[in-house]
Amino acid sequence: MSPTQNTPISIRLAQSQDKSEITKLQVDSIQVLCAHDYNASQLQTLLNNKKRGRNWPEVIFVAETESQIVGFSALSLIDQNINAIFVNPAFVRQGIGTKLLATLEEEAIKRRIRCLWVSAALNAVQFYRSQGYQSVKEVEILLEFGVPIPVVVMKKVLIQPTRTEIIITQLMYILLILFFLLAIILPLIFGN
């Protein structure tokens, strides 16, 4: 199927029978979309890692058109991380990644996740920035054989703290500072 700008895309929860198609899509996407940002050994390391499949607790959404999976996203159930957003290279720049990310963010908000984090591949940094994510730091992850994979750690606040939460946090900091000051000053004044 050849994509068009008007191709209707639907998002749904992934099912167990989608696993092999998701893995294939991820491998295809890495081979095409990451080729300009990573060298051959980094690409091979990424591909070897992804070919193992997805075997950790996460919520996965798939984007499909005419029963073909053209993208997927994964939200970790262990921490506040986006584990993946991948789009079939033939379907990039059609808003699929944006829809998948919006669906993940809605799910995170339902789960009361206040801040969402992602270790963005170099080719995905601009996408996340355009969606309101802020760069925190550049790091290298080691997946296997000691091959460093550069990524950019990014975050987005999904649920702003309430005024009451801010006041309570500030009061707790003040009390903590007072406690430490007293713990230092009282022994100096009164001796051991």
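Predicted model: local features only at pLDDT ≥ 70, side-chain atom pairs only at ≥ 80, totals over all residues.
**Entry 1**

Residues are numbered from 1 along each chain as its sequence is written, and side-chain values use heavy atoms, with hydrogens and water left out.

Glu66 lies in the loop between strand 2 (58-65) and strand 3. The phi of Glu66 is near 45°, a positive value in a residue other than glycine. I recorded this because most residues other than glycine have a negative phi.

Arg112 also has a positive phi, of about 60°, although it is not a glycine. I located Arg112 in the loop between helix 3 and strand 5. With a relative accessibility of 54%, Arg112 counts as exposed.

I next turned to Ser76, which is found in strand 3. Its relative accessibility is 5%, so Ser76 counts as buried. Which side chain does the side chain of Ser76 meet in a polar contact? I found that of Asp79, at 2.9 Å. A polar contact is a pair of N or O atoms within 3.5 Å; within protein, one must be able to donate a hydrogen and the other to accept it, and residues adjacent in sequence count only if both atoms are side-chain atoms. Leaving aside neighbours within four places in sequence, I listed Pro57, Glu58, Asn81 and Asn83 as contacts of Ser76, where contact means heavy atoms within 4.5 Å.

Gln80 lies in the loop between strand 3 and strand 4. Gln80 is partly exposed, because its relative accessible area is 35%. Not counting residues up to four places away in sequence, Gln80 touches Ile113, Cys115, Leu116 and Trp117.

Cys115 is found in strand 5 and is buried, with a relative accessible area of 14%. I noted that Cys115 touches Gln80, Lys155, Lys156, Val157 and Leu158, not counting residues up to four places away in sequence. The C-alpha atoms of Cys115 and Gln160 are separated by 8.8 Å, although the two are 45 residues apart along the chain.

I placed Ser29 in helix 1. Ser29 counts as buried, at 4% relative accessibility. With residues up to four places away in sequence not counted, Ser29 touches Cys34, Phe86, Val87 and Pro89.

**Entry 1: Aromatic rings**

A search of the whole structure gave me 4 aromatic pairs. Rings of Phe, Tyr and Trp (its six-membered ring) pair if their centres lie within 6.5 Å; planes under 30 degrees apart count as stacked, over 60 as edge-to-face and the rest as tilted. Phe72 and Phe86 form a stacked pair, because their ring centres are 5.6 Å apart and their planes are at 20°. This pair links distant parts of the chain, with Phe72 in strand 3 (residues 68-76) and Phe86 in strand 4, 14 residues apart. I found both Phe72 and Phe86 to be buried.

Tyr128 and Tyr133 form an edge-to-face pair, at 5.5 Å centre to centre and 75° between the planes. Tyr128 and Tyr133 are buried. Together with Phe127, they form one aromatic cluster.

**Entry 2: The largest pocket**

I finally looked up the largest pocket, which has a volume of about 1100 Å³. Of its 43 lining residues, Ile85, Phe86, Ala121, Ala124 and Tyr128 are the closest to its centre. On a 1 Å grid over the protein atoms alone, a cavity is a set of points where a 1.4 Å probe fits but cannot get out, and a pocket is an open set with protein on both sides within 12 Å along at least five of seven lines; lining residues have an atom within 4 Å of a point. Grid points are joined across faces, edges and corners, and a volume is the space filled by probe spheres set on the points.

Which strand gives the most to the lining of the largest pocket? I found strand 4, with 7 residues. By class, the lining has 27 nonpolar, 12 polar and 4 charged residues. Ala, Val, Leu, Ile, Met, Phe, Trp, Tyr, Cys and Pro count as nonpolar, Asp, Glu, Lys and Arg as charged, and the others, Gly among them, as polar.

Note on methods
Helix = DSSP H or I, 4+ residues; strand = E, 2+ residues; numbered from the N terminus. Buried < 20%, exposed > 50% of the residue type's maximum accessible area, 1.4 Å probe, protein only.
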